[in-house]
Amino acid sequence: MPQLTRRGLAAATAVLLGATALTACGSSDSGGEAGAGSGPVKLTYWAWAPGMDKVAALWNAEHPDIQVTVQKQASGDDLVTKIITAAKAHKGPDLVQAEYQALPTLVSNDALADIAGEVKGVEKQFAPGIWQQTTFGGDAVYALPQDSGPLMFFYREDLFEQYGLTVPTTWDEFAETARALKKKDPKKALTTFSANDSGLFAGLAQQAGAAWWTFEGEKWKVGIDDAATRKVTDFWGGLVAEGAIDNQPMYTPAWNKALNTGEQLAWVSAVWAPGTLTTAAPDTKGKWAMAPLPQWTDGENATGSWGGSSTAVTSDSKNKAAAARFATWLNTDPEALAALVKESGIYPAATAAQTSGALAKAPDYFANQPDFYTRAAAIAKTTAPAAWGPNVNVAYTAFKDEFGKAAKARNGFPAALAKVQDTTVTDLEKQGFGVAK
């Protein structure tokens with residue numbers, strides 16, 4: 001989203017949630033009046049990542065003048081609703097953990113503060129594509145990146161050798177690898193196309209250069225059915241239609257079995273995949289390897305992201321400078337970042353932390369690839385920018401519905417993408433957003 005400002009964003013965006021959703025009272029534990037007396041500044045931080053209270057305890061021990069209390073919250077849309085509700089009642093916390101795709105909605109509802117003045121120079125510690133998601137390409141800074149999920153290619157190293165397959169470096173090679181495997185063993189599949197997690201598809205479109213929400217004057221423009229996303233849709237839909245890959249959803253017992261028994265040889269996933277594979281395919285520990293995501297053009301070097309969140313300071317906080325100090329420490333200090341990895345299990349967005357501290361050693365599941373995190377850090381630096389809008393949840397739900405039907409039928413993928421576009425636009429208009437045609 002090019003050069004967005006709060007004023008422009010607010011002008012182009014109506015409140016996403018209906019009035020009935022905003023009538024409940026917000027949290028009574030706000031940092032609004034904390035620190036007004038002679039004692040330490042007291043900040044509240046709404047977060048869902050596990051162990052965040054243990055990380056904050058490190059700060060509290062070293063900063064008696066600024067004390068942070070972590071309040072565990074639900075994630076996703078539930079938290080977005082709660083933040084907006086609290087903001088309307090002026091009872092919000094001082095800080096909040098927010099997914100990148102939620103930031104436009106929160107900013108348009110005046111729930112987040114611009115902390116550009118308090119975090120000058122911090123952007124150098126993050127990949128440009130990640131930093132852009134907290135600034136929307138403008139001068140304002142609405143959050144600091146906390147964790148990220150760069151996409152990579154995970155494959156069974158032993159089975160690739162057994163079947164004489166070469167790790168693909170382009171998507172054309174990926175398709176040929178899938179076809180070659182089917183010819184050698186029709187019971188095997190390189191991977192599956194799954195519609196039950198929209199974030200993966202969004203990341204693949206992101207890598208291809210898609211910009212699903214952009215800004216034209218004072219209106220949103222939806223580009224889900226753009227050329228880049230159509231290319232991704234046609235590619236994966238084509239492989240499913242010809243039977244070169246499977247069409248079953250991820251995270252099911254059948255999917256777990258396919259990975260664990262070698263029925264599927266690969267998985268396009270994010271840096272956090274080792275944790276999932278540990279549970280889904282426990283018998284294959286030490287047999288997998290990771291490589292960069294295949295590219296659309298030979299010689300390119302870009303990846304998308306699947307997941308990730310940020311730390312934002314709310315508009316309600318009366319201690320924005322102190323809150324920004326904590327947010328900066330949390331996401332840039334070596335001790336804090338090491339604690340985030342250990343206690344919260346996240347992959348930090350700060351580039352320096354991606355190969356040091358708790359990430360200096362490869363995941364136990366990938367002990368056969370000792371340079372796992374070194375390679376992952378190099379890939380993370382190539383994360384392409386993402387363009388989020390105020391109704392990501394609607395687009396994601398439509399994707400699951402429409403692409404789920406297409407995957408099951410093994411056809412109809414272009415029509416499914418057009419339906420996601422139409423559903424997203426219709427919802428924006430219904431909610432009162434300005435939409436450019």
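Predicted model: local features only at pLDDT ≥ 70, side-chain atom pairs only at ≥ 80, totals over all residues.

What does E343 pair with? Its salt-bridge partner is K54, and the closest N and O atoms of the two are 3.8 Å apart. E343 belongs to helix α13, residues 334-344, while K54 belongs to helix α2, residues 52-62, so the contact ties together parts that are 289 residues apart in sequence.

Next, R325 and D65. Their side chains form a salt bridge at 4.0 Å, N to O. R325 has a relative accessible area of 42%, so it counts as partly exposed. D65, at 40% relative accessibility, is partly exposed too.

Then D364 and K285, where the closest N and O atoms of the salt bridge are 2.6 Å apart. D364 is in the loop between α13 and α14, K285 is in the loop between α11 and β8, and the two are 79 residues apart. Is D364 buried or exposed? With a relative accessible area of 54%, D364 is exposed, whereas K285, at 45%, is partly exposed.

There is also a network to point out: salt bridges link E176, R179 and E242.

How many salt bridges are there by this rule? The count is nine. That's what I have.

How values were computed:
Residues numbered from 1 in each chain as written. Heavy atoms only, no water. Helix = DSSP H or I, 4+ residues; strand = E, 2+ residues; numbered from the N terminus. Buried < 20%, exposed > 50% of the residue type's maximum accessible area, 1.4 Å probe, protein only.
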